[in-house]
Amino acid sequence: MSLQPYSSPQPLHSAINVVLDTAYQGISDSDWKNLFASARQSGLEQFIADMFAGKHINNSEDRPALHSALRNLSKTPVLINGADVMPAVDDVWRRIDALCNKWVGVTDVIHIGIGGSDFGPRLAIEALAHVPGIESRGMRMHFLANIDTAELARILAHAQPHSTRVLIVSKSFTTLETTMNAKAVVAWLKENDCTKSQIAHALYAVTANVTAAKEFGIEEDNIYPFWDWVGGRYSVWSAVGLPIALQYGFETFKQFLAGAESIDLHFKNAPLEENLPVIMALALLYQQQKHDIKAYAVIPYADALDWFPKWLQQLDMESNGKSIDRDGKPVKHSSPIVFGSAGSNAQHSYFQLLHQGTEIIPIDFIAVREPMSDRPEAVAHHHILLSNCLAQAQALANGKDDVNPNNVYPGKRPSNLLLLPKLNAFYLGALLALYENRTATLGALWNINSFDQPGVEYGKVLAKPIEKALTSHQNNIQASAEIDAVTAARINFLNS
Ligand SMILES: O=P(O)(O)OC[C@H]1O[C@H](O)[C@H](O)[C@@H](O)[C@@H]1O
C-alpha cells in the first residue's frame, strides 16, 4: 500500500511577507469553500468589525476588547462611548519614550508581574536578545512572577540594589503573587540601605488600577496606566511592554507595535478566504469536526521563540478554555490543550507521540527564513534547522508503510507551516497579533467570549482560608464549607 501525498489545492497565503502554507491540512477545495461559507454565515465578518469598532464584545464584563488601539500607530480615532482613546494611548507612548532616555546607569530591572503581566514582555525580551541588528542597552532584565521565593532569591543575589529599578506590573494591582513579591523587593532595597527617596525613585508601576498603585506607595509620575478594555493576556502592547522599550529602545518597541498593527489591518480588511488568522482558525475547526482533537502543538523552529508556546498557552486556553457559550449554553468544541517548545529540541522529546501515538494533534510549524544569529556557522546550521522542520511536517502528513508494523507511520497528521521572513521586532509583533486574532476568531466561531476568565478566580478564593489554616500551624483542622476533608488532611500533614 502506498500512501497518497496529503495536500490541499490552494495552500499558500501571505500577508506582510508572512506565508501560511496549509497544504498538509488535507482540506479539499470544496471543504474550504464550505468552511468559509459557514464562517460568513455565523457572522464572523461582523464580529471582526465589532471588535475593532469598540463594541462590547466582552459581554460578561460588558466592555470592549480594544488591544488593537494600543498598536494603532496611525492614531485614527478609536471611540469608546463616543470618546477617542488614542490621546491617552499616545500620552503613554510619549512617556515611555521619555523614560528610555531618562534611565542612565541602571544595571538591573526587576519586572514583577504574573500571567498576562509577565509572558508577553518576557517572550519579547528573550526573543529579541540575540537578533542581529537589535542593540540591547545591556540592563539585566529580571522577571519575577512566582510566589516561590526561589525565583526572588535568585534575582536578588544578582541585582545591585542601588542601581536597580523595579517595575510592578499588574492590571488589577491586587494579584497576591505580585504585591507580595513587590513588598519583598522593597524590603530588600531597605535592607541594602536605600533611602526612602531612593526607593521612591526606583519604584514604577504599570496598571489599570492607579489608585491601588498609589496606595502601595508608587509616585504618580512613575505610574504608567492602561485600561480595563485591555485584557491582561492581550496587554503586552500597552506599557506592560515597557521592558522592550527600555532594553531595546523606543523605536524597537514601535516596530513591535507596527508589526501587530499591520496584521490587524490585514485581519480587519482581507476577505475571509485570504485572511491568515481566519484560515488558521478554520483549519483547526475542520480538524475538530473530523477528529477528536484534544491537543494542539506549536513548534517554532527558532530558539528565540521558546517562550512563544507558553505565551500562547495563556492566550488560547484562558481565552477559549470554556464549556459555556455566550448565551450560557454548553459548547460542543472549545480550545484544545496547547503545548509546544522550540524545534528541533522538541523532536527529541514528544515527537514520537505526534508521529505514532493514538492522538491526532494538529501542529503549527513556525519557521524563519533568515538565520537568527551572525555567527559564521549560522547559514549551515539554519539549513539543518529548516530541513528538520520540513521533514517532520512531511513525515507526519504522508506517513510511511513498512512490513514491520512497528515502523509504520500512519500519516495524515495535519499541520500548518508559518514562515516569517526574518525574526525582528516587527515580525515578532506580527506573529503575536496573528495568534491573538486567530484566538478571537476561534472564540467567535465557537460563540465563546474570549475575553473573560471566570474559571481562574475560584481557586484563588479557596486559597485564602487554606493559607489561614496553614499559617495557624494547627494540625487538627476540620473539614468545613471552605476546606474539604482531603484538603484538611493535607493541611494537617503539612502542619504536623
Ligand atoms: O495583571 P494582573 O491583574 O496582576 O493579573 C495577572 C493574571 O491574573 C490571573 O491569573 C488572570 O487569570 C490572568 O489573566 C492575569 O494575566
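Mentor: The buried residues of helix α12 are Phe 308, Pro 309, Trp 311, Leu 312, Leu 315, Asp 316, Met 317, Glu 318, Ser 319 and Asn 320. A residue counts as buried if 20 or more other C-beta atoms lie within 10 Å of its own, as exposed if 12 or fewer do, and as partly exposed in between, with C-beta atoms placed from the backbone. The model is a predicted one, in which local features need pLDDT of at least 70 and side-chain atom pairs count only at pLDDT 80 or more, whereas totals for chains, interfaces and linings use all residues. Residue numbers start from 1 along each chain as its sequence is written.

Because ten of its 13 residues are buried, α12 is largely enclosed by the rest of the structure. The helix spans residues 308–320; helices (H or I, at least four residues) and strands (E, at least two) are DSSP runs, numbered from the N terminus. From first C-alpha to last, α12 reaches 18 Å, close to the 18 Å expected at 1.5 Å a residue, where the expected span is 1.5 Å times one less than the number of residues.

What do these buried residues pack against? Their partners are α4 (119–128), β10, β11 and α15, a contact being two C-beta atoms, placed from the backbone, within 7 Å. The helix lies across β10 (295–300) and β11, running at about 165° to β11. Axes here are lines fitted to C-alpha atoms, for helices over the stretch in contact, and angles run from 0 to 180 degrees between N-to-C directions.

Both of these strands belong to an open sheet of six strands, ordered β1-β2-β13-β12-β10-β11 with mixed pairing. Two strands pair if DSSP finds at least two bridges between them. At the edges stand β1 (12–15) and β11 (337–339), each of which pairs on one side only. From one strand to the next, the twist averages 15°. At the β1 end of the order, β1 and β2 (residues 18–21) pair in the antiparallel sense over four bridges, and Ala 15 has Val 18 of β2 as its bridge partner.

Tyr 427 is buried, since 24 other C-beta atoms lie within 10 Å. Apart from residues up to four places away in sequence, Tyr 427 touches Gly 259, Leu 420, Pro 421 and Lys 422. Met 180 is 247 residues from Tyr 427 along the chain, and their C-alpha atoms are separated by 35 Å.

A further sheet, open and of five strands, has parallel pairing and the order β6-β5-β7-β8-β9. Since β6 and β9 (223–225) stand at its edges with a single partner strand each, one side of each is left without a neighbour in the sheet. In this sheet, β5 (residues 108–112) is mostly covered, with four of its five residues buried. Five bridges join β5 to the parallel strand β6 (residues 140–144); Asp 108 is bridged to Arg 140, and Ile 112 to Leu 144. Helix α5 (residues 149–158) lies across β5 and β6, at about 160° to β6.
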